[in-house]
Amino acid sequence: MAKFIKRLLLTFVLVGLVIVIINAYFLNQKRYDWGEGESFNRRISYLQQHPGEFNTVFIGSSKVIHHFKAQQFDANTEGIRSLNLGNNGMLTPKSLAMAEAIINDPSINLKFMFLEMDFIQDLADNLHSKRTYYWINPKNLVFVVGSVLVSNHTVKRKVALTYQYLISFCDKYLALGIKGSLFRPNSPAGELTKYEKENSGYISLDYQLNDESNDRLIAAREHFLADTLELTSYWKAYQAVIQTPGAENRIFQTKMENLINIAEERGTTLIY
């Protein structure tokens with residue numbers, strides 16, 4: 001009986017290792033498919049395939065994609081050709097990982113990179129989704145967990161966030177594509193839509209709300225308008241984190257110093 005149990009455990013371990021190797025290989029075959037949707041993949045692929053067309057990028061969440069008008073920015077600067085790489089729900093650790101990947105790409109030479117900074121967010125609907133598959137590796141996991149542990153969150157909140165990111169890490173390397181695909185899908189051809197091309201990646205909120213595929217965004221807006229007190233509570237919680245001296249600063253400072261040094265070596269000025 002004991003030998004049978006040992007063999008069974010050994011079989012599970014071997015199968016697990018095979019799954020890890022398969023995931024690790026296929027999840028890293030295609031650069032710049034970050035599980036962020038077709039529009040984002042088009043923009044990041046376009047940058048990769050047309051490296052000389054832009055010398056500046058904006059990276060971040062909906063605050064970036066809906067507020068940084070690249071063409072207006074270019075018109076008021078000299079020699080700047082910028083591309084908006086923001087996306088709704090972009091997590092801070094993902095933005096940092098993406099920034100590092102772009103900076104380290106020898107085919108892309110940027111003069112400036114504007115990077116949105118925020119605290120470590122709740123994964124919420126991103127849990128068990130491929131949006132976390134393409135950036136969460138051991139190094140980034142250590143950064144996230146470290147940032148959470150030195151924050152001023154309650155112990156309960158720290159445990160919850162740490163648990164979420166640990167689960168996502170396990171999803172990537174062990175799960176056979178929970179709510180996603182085991183094999184990383186091919187990046188689309190680097191061609192922008194007419195609207196994306198005309199606005200250098202910027203997407204207005206009105207334009208997105210008028211898109212029939214954004215029913216969820218419309219529902220979210222109606223939800224917040226129906227209960228503005230909930231939005232106020234989110235804002236207070238945000239202020240409580242960012243106004244606390246030293247909250248996440250030690251971990252973020254080291255992370256940002258490393259990123260700044262890498263950018264400087266590549267001739268890129270990082271602004272955040």
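Two strands pair if DSSP finds at least two bridges between them. Strands here are DSSP runs of E, at least two residues, and helices are runs of H or I, at least four, both numbered from the N terminus. Keep that in mind for the sheet.

This is a predicted model: local features need pLDDT of at least 70, side-chain atom pairs count only at pLDDT 80 or more, and totals for chains, interfaces and linings use all residues. Residues are numbered from 1 along each chain as its sequence is written, and side-chain values use heavy atoms, with hydrogens and water left out.

Start with the sheet. It is open, with four strands in the order S2-S1-S3-S4, and the pairing is parallel. S2 and strand S4 (269–271) are the edges; each has a single partner strand, so one side of each has no neighbour in the sheet. On average, neighbouring strands are turned by 15 degrees against each other, direction ignored. Axes are lines fitted to C-alpha atoms, for helices over the stretch in contact, and angles run from 0 to 180 degrees between N-to-C directions.

Now the pairs. S1 and S2 share five bridges. Thr56 has Ser82 in S2 as its bridge partner. S3 and S4 are joined by three bridges. There, Phe114 has Ile271 of S4 as its partner.

What is buried in S2? Five of its five residues are. Buried means under 20% relative accessible area, exposed over 50%, partly exposed in between, with a 1.4 Å probe and protein chains only. Ser82, Asn84 and Gly86 point one way, Leu83 and Leu85 the other.

Next, helix H2. H2 lies across S1 and S2, at about 140 degrees to S2. Of its 12 residues, 10 are buried, so H2 is largely enclosed by the rest of the structure. Those buried residues pack against S1, helix H3 (62–65), S2, H5 and helix H8 (194–198). Contact means heavy atoms within 4.5 Å.

Last, the core. A nonpolar core is a set of buried Ala, Val, Leu, Ile, Met, Phe, Trp, Tyr and Cys residues joined through side-chain atoms within 4.5 Å. The largest one has 38 residues, and Ile59, Leu85, Ile102, Met113 and Tyr165 touch the most other members. Which element gives the most? H5, with six residues.

Look at Leu85 in particular.
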